[in-house]
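Please look through the sequence and the 3D view below before reading on. The report that follows starts with the chain as a whole and then turns to its parts.

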Amino acid sequence: MRRTGTTRRGALTATGALALGAVLTGCGGGDEAADGGKPAHSGARAAAAKTERTLREKAVRDGALLLARYDLVAEAHPATATGLAPLRAAVREHGKALAPPRAKGGAEKPPAAPPGPVSADPRAAVRELAAVERRRADACAEALLAAGPELARLLASVAAAAAAHAYLLTELAEETAA
């Protein structure tokens, strides 16, 4: 004789089916917004993309100013040019890595105006360059808080390199003849 009513097996099957239905409903198109069928989180993605682009542009602009400063110091004090060359090359590569992808047909922004005059004392000029590198390291480290994972890794690398550059420039300043 067959049992009628709810069995344990039937209750578990029904519960599993309800849970599966709830999961599938949650994973489906439930995050569509009423405005044109775009996902509700696309606004958050757009904001994150804008933030990342802004962070990248600022880092590139700061790098361009730093490159100009390296050039000014090397021109004003040719004895320091050999020591500055590898650090300047690294800063240029950081700028290339940080540059945001350009939109088709988008014009490249003109380079930033070069920084002001360089100290007449070569040691002081190299120390000033070290201070700029320290500020860049701090700025990149601060930008980590707002950056996405990929950009954060890149900014962390640039911050570490800038800190190392600051140390090396401080050592170069000590070795530079006045």
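## The chain as a whole

In this predicted model, buried residues account for 26% of the 178 residues in the chain. The chain exposes about 11,700 Å², and carbon and sulfur atoms supply 61% of that area.

The secondary structure consists of 5 helices and 0 strands, so that reading along the sequence gives the pattern α-α-α-α-α. Among the contacts between residues at least 6 apart in sequence, 78% join residues that are at least 24 apart.

## Helix 4 against helix 5

Helix 4 covers residues 122–143 and helix 5 covers residues 149–175, and their axes come within 8 Å of each other while crossing at roughly 165°. Because an angle over 145 degrees counts as roughly antiparallel, helix 4 is described as roughly antiparallel to helix 5. The crossing of these two helices is left-handed.

On the side of helix 4, the residues that take part in the contact include Arg123, Val126, Leu129, Glu133, Arg136 and Cys140, and on the side of helix 5 they include Leu155, Val158, His165, Leu169, Leu172 and Glu174. When the residues of this contact are sorted by type, they divide into 16 nonpolar, 2 polar and 6 charged.

## Helix 3 against helix 5

Helix 5 also meets helix 3, which covers residues 81–98; the axes of helix 3 and helix 5 come within 11 Å and cross at roughly 165°. Helix 3 and helix 5 are therefore roughly antiparallel to each other, and their crossing is left-handed.

From helix 3, the contact is made by Gly83, Leu84, Leu87, Ala90, Val91, His94, Ala97 and Leu98, while helix 5 contributes Leu151, Leu154, Leu155, Val158, Ala161, His165, Leu168, Leu169 and Leu172. The residues of this contact divide into 14 nonpolar, 3 polar and no charged.

## Helix 3 against helix 4

How are helix 3 and helix 4 arranged, roughly parallel or roughly antiparallel? Their axes are 13 Å apart and the helices pack at an angle of about 25°, and since angles under 35 degrees count as roughly parallel, helix 3 and helix 4 are roughly parallel to each other. The crossing of helix 3 and helix 4 is left-handed.

The contact is made by Leu84, Val91, His94 and Leu98 of helix 3 together with Leu129, Glu133 and Arg136 of helix 4. By type, the residues of the contact of helix 3 with helix 4 divide into 4 nonpolar, 1 polar and 2 charged.

## Two residues of helix 5

Ala160 lies in helix 5, and its relative accessible area is 48%. Because buried means under 20% and exposed means over 50%, with partly exposed in between, Ala160 is placed in the partly exposed class. Although Ala160 and Asp138 are 22 residues apart in sequence, they are 9.6 Å apart in space, taken from C-alpha to C-alpha.

Ser157 is likewise found in helix 5, and at 44% relative accessibility this residue counts as partly exposed. Ser157 and Cys140 are 17 residues apart in sequence and 9.0 Å apart in space, again from C-alpha to C-alpha.

Conventions. Residues are numbered from 1 along each chain as its sequence is written. This is a predicted model: local features need pLDDT of at least 70, side-chain atom pairs count only at pLDDT 80 or more; totals for chains, interfaces and linings use all residues. Side-chain values use heavy atoms; hydrogens and water are left out. Axes are lines fitted to C-alpha atoms, for helices over the stretch in contact, and angles run from 0 to 180 degrees between N-to-C directions. Helices (H or I, at least four residues) and strands (E, at least two) are DSSP runs, numbered from the N terminus. Angles under 35 degrees count as roughly parallel, over 145 as roughly antiparallel, 65 to 115 as roughly perpendicular and the rest as oblique. A crossing is left-handed if the near helix is turned anticlockwise from the far one by less than a right angle, and right-handed if clockwise. Contact means heavy atoms within 4.5 Å. Ala, Val, Leu, Ile, Met, Phe, Trp, Tyr, Cys and Pro count as nonpolar, Asp, Glu, Lys and Arg as charged, and the others, Gly among them, as polar. Buried means under 20% relative accessible area, exposed over 50%, partly exposed in between (1.4 Å probe, protein chains only). Accessible areas come from the Shrake-Rupley method with a 1.4 Å probe; for residues, only the protein chains shown count as cover.
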